[in-house]
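My notes follow the structure shown here.

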Amino acid sequence: MLERFLFTKIDNSPLVVFRMLFGVLVSFECYGSILTGWVKRNLIDPSFTFSFIGLEWLQPLPGFGMYFYFFAMGTLGICIALGYKYRISVLSFTILWAGVYFMQKTAYNNHYYLLLLISGMMFFLPAHKDYSLDAKRHPRIRAHSMYAYVKWVIVLQLLIVYTYAAIAKLYGDWLDFSVIEILFKGKAHYPVVGHWLQNTSLHQFIGVSGFLFDLLIVPALLWKPTRKWAFIASVFFHLFNSIIFQIGIFPYLALAFTVFFFPPEVIRKLFLKKKAPYLEVESVAPPDRNWIVALWGLYLLVQLILPVRHHFIKGDVLWTEEGHRMSWRMMLRSREGMATYRVVNKATNDVYLVDLNTYLTKAQQRKVASYPDFMWQFAQYLKREYKAEGIEVSVFVDANVGVNGKPKQPFIDPETDLAEVRWNYFCHNPWILPPKQ
């Protein structure tokens, strides 16, 4: 029964349309990053970037190289939309986007991670089999159908994202709406809506509806009686997020996914009026079906495990940040901190206070004042900088951090030399102090 469910052939119109939308959106994201100054602020202005730990060698191209890098990615997005050399284009984009994703985390956003996952998935999906330059140049590859599993791996990925986002909201600061108040406080200057966003009743509505939306949107889109209303709710929800939080293409990418929830004939009539309908015939499962099930099953299993890893690390992830990334913990906290970095010359015991302005942008300074991995990486960076001058140093940090508007508390053991300790990826770093009760 599972084999028949996964390997029944269905109309591939949703996948073809999604390929076009996906390509256009990633082009907007990449070209827009250049035009809005995002590339300059995060990849050109800093003297170095905070990459994922272990990938410190992955740094931006020198000079204006990152402008060309993002222009190339935007152009690859157009190639994906047109279905031109699709496999090469989407693989190249995935590799380049992975480079950007792992290269810097000062401006980390969950949708960058989702974009990486989806572009990687798209490489394995036959999205170029119709309405593409590849199919026009090589008619033998043209097909009007796809196996049903193609739809379901996308749907299950979305179910994982939204469900974990809902579960993450089940904590005190979301349930009492205080974190929502903090998030909206920074929007008070918005014309027209700024004052309205400070309304307590709105915070309560956003808190309840945001949780219910994340929890129910995928099932509601799958069920025909609620599909239309779920789509309307999606449009409102994502456009609201786009306008208020200005989070790039993510809201529009989320809306693009809805093509997989409507009947293929509806998508074909709306977007591909000249596309030949798929005339159902008896489906024959591919000979490599067991590998397909195993590999996609393994991928989805990893996606199920990653978001819960913080439960196996000592401490509250809201405080320690350990296990936060890649966990769909979205818009849950606001961190503020104050940190002083002391460099001690091991040979002379001379002590130097570090002027953060010498090394870091303002955005990076905010990170090294309140996030433990940034603190550790900056200590490692200072160690390397002094060693290049022939000086062996220790680096100590006095930091006080507050989460979600709560009073600042000591965050790092000030007696721990962060230049010497190793970063623990899979367990708690003991130099992160527990919060006071």
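These entries concern a pair of packed helices and then one further helix.

**Entry 1: the model.** I noted at the outset that this is a predicted model.

**Entry 2: helices α5 and α6.** I looked up helix α5, residues 86-103, and helix α6, residues 110-124. They pack at an angle of about 155 degrees, and their axes lie 9 Å apart. Angles over 145 degrees count as roughly antiparallel, and α5 and α6 are therefore roughly antiparallel to each other. I recorded their crossing as left-handed.

**Entry 3: the contact between them.** I then asked which residues of α5 meet α6. On the α5 side I found Tyr86, Arg87, Val90, Leu91, Phe93, Thr94, Trp97, Ala98, Tyr101 and Phe102. On the α6 side, the residues include Tyr112, Leu116, Gly120 and Phe123. I noted that the residues of this contact divide into 15 nonpolar, three polar and one charged.

**Entry 4: the length of helix α18.** Helix α18 covers residues 372-388, which is 17 residues. I read a reach of 25 Å from its first C-alpha to its last, close to the 24 Å expected at 1.5 Å a residue.

Entry 5: Is α18 mostly covered or mostly uncovered? I found it mostly covered, with 12 of its 17 residues buried. Among the buried residues are Pro372, Asp373, Trp376, Leu382 and Tyr386. The buried residues of α18 pack against helices α16 (317-320) and α17 (362-368), and against strands β3 (335-345), β4 (351-353) and β5 (393-403).

**Entry 6: after α18.** I noted that Gly390 follows α18 and has a positive phi, near 80 degrees.

Definitions and conventions. Residues numbered from 1 in each chain as written. Predicted model: local features only at pLDDT ≥ 70, side-chain atom pairs only at ≥ 80, totals over all residues. Heavy atoms only, no water. Axes fitted to C-alpha atoms, helices over the stretch in contact; angles between N-to-C directions. Helix = DSSP H or I, 4+ residues; strand = E, 2+ residues; numbered from the N terminus. Parallel < 35°, antiparallel > 145°, perpendicular 65-115°, else oblique. Left-handed = near helix turned anticlockwise from the far one by under 90°. Contact = heavy atoms within 4.5 Å. Nonpolar A, V, L, I, M, F, W, Y, C, P; charged D, E, K, R; others polar. Expected span 1.5 Å × (residues − 1). Buried < 20%, exposed > 50% of the residue type's maximum accessible area, 1.4 Å probe, protein only.
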